[in-house]
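Welcome! Take a moment to look over the sequence and the 3D view below, and then we will walk through a few places together.

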Amino acid sequence: MTDATKTAPGSSRSPEYRLATGALAGLRQDLLRDAFAYRPMPPMRTDGPVSRRLPARIRPYAAWIPHAVVAMAAVLVYSAAPVSGSGMGAVFTGILPAAAVLMTLMRPVGAWWFSLASTPFIAVIAHSSDGWPWTDSSFIAHITVMTVVAVRTRPRAAAWMWACTAAYGVFVEVFMGAGAYGSDLPQMLFFSALALVTVSLVHVRREAKHEVSVQRTVTEMERGKRTLLEERTTIARELHDVVAHHMSVVAIQAEAAPYRVENPPPELEQAFVTIRENAVAALTELRRVLGVVRAEDYEAPDAPQPTLADLDRLIANVRETGLDVEKVVTGAVRELPQGVELSAYRIVQEALSNSLRHAPGATARVEVGYVLGGLGLRILNGPATGLVKPSPGAGHGLTGMRERVTMLDGEMTTANTQDGGYEVTVFLPVASAPEPDGGQK
């Protein structure tokens, strides 16, 4: 036999055989494996929409409501026991079904088997006029047991319980007769199916709701990661012009430096050549990396990147949209590294945009503080006072601001103000440069 004609074990089985095998495996897993294992019913959660409204001293007791309901059902089953007959037989017709109901609190699957196995025993003890093959007490008990077990397990187990109950009822009808007053098998199958379908629908709805919640959480996480990558890409694009400018200056200065000195030594010329080659190589790699992170529809800006000197023009544009903005500058204004100036401008721009979206009609204040060792920013706005409703965005603004602050090893805090407004505080560290001539101007 060649390899082409060899078949894997079981591959020649018919689809019907595999379907039957899978069904029996499901029956074994749901109703036979560890059927009488100890599985106590856990207390009900008390953080639901209804239980949260209960008084605090009553709420702990509300967790045991399902147990109380099962106990009340057991009492109802016992009270529905037939009164015909005498002695212990009449007592068993009520005790056995009630015990099966109570057993669902500890051994749910075993309780179903106990209920099904005790049914013919109770039917024999009771008079045929009390129901066949289920008496009134065993009828209510069996439906209650199947309902509780279905609640505690899963829809597939409910289907198997109903199928086995139907098989038992048909077996009794065929081999033992329907009794003098007819059979209650159709009623059992109808009401049990109604209860099990209802429980299964609740199960499916709960699982679907859980899946939606999990998927929503995953989507939010993925959206946050994508937003973070987009913001980092935007920052990389903007800083490209700043870094490329400095590297170009280095390359030009290194090329021109030997011509500014008469008869420079060969070592110095070679050093400047090496500096220029490294600067050009760095520019090439920088453009290559930018090409990787650049989107297909990205267009490089024609104007230079903005700095803090452009804040007045930004604030004027914001005022035209209806936001009353006040600008305050403290400290000695000085030139900062271009990366810091660009990030500070973008932070103020995004904070004012958030004020426009979340607090239309409010007033805003921009404070820029030139302090020793860095730059301080504080942007705050009051509560919305206009007739225009807030239009929250996608929540990317704060992410972008935090990325810029983190890139510069700065600090950023956000908080609600006492009057209902919002405040953003940022500190961007800047290394102090030595002043020329000992600090004299």
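## A buried leucine and its surroundings

Leu 352 has a relative accessible area of 1%, below the 20% cut-off, and therefore counts as buried. Please keep in mind that you are looking at a predicted model.

Where does Leu 352 sit? Its place is in helix H11, which covers residues 338-358. Setting aside neighbours within four places in sequence, Leu 352 touches Ile 315, Val 318, Leu 323 and Val 325, and it is also in contact with Ala 364, Val 366 and Ile 379. Arg 365 lies 13 residues away from Leu 352 along the chain, and 9.1 Å separates their C-alpha atoms.

Now let us turn to another helix. H6 runs over residues 136-152 and has 17 residues. From its first C-alpha to its last, H6 reaches 25 Å, close to the expected 24 Å. Of the 17 residues of H6, 12 are buried, so this helix is largely enclosed by the rest of the structure. Among the buried ones are Phe 139, His 142, Ile 143, Met 146 and Val 149.

How confident is the predictor along the chain? The average pLDDT is 80, and 81% of the residues score at least 70.

Definitions and conventions
Residues numbered from 1 in each chain as written. Predicted model: local features only at pLDDT ≥ 70, side-chain atom pairs only at ≥ 80, totals over all residues. Heavy atoms only, no water. pLDDT = per-residue confidence, 0-100. Helix = DSSP H or I, 4+ residues; strand = E, 2+ residues; numbered from the N terminus. Expected span 1.5 Å × (residues − 1). Buried < 20%, exposed > 50% of the residue type's maximum accessible area, 1.4 Å probe, protein only. Contact = heavy atoms within 4.5 Å.
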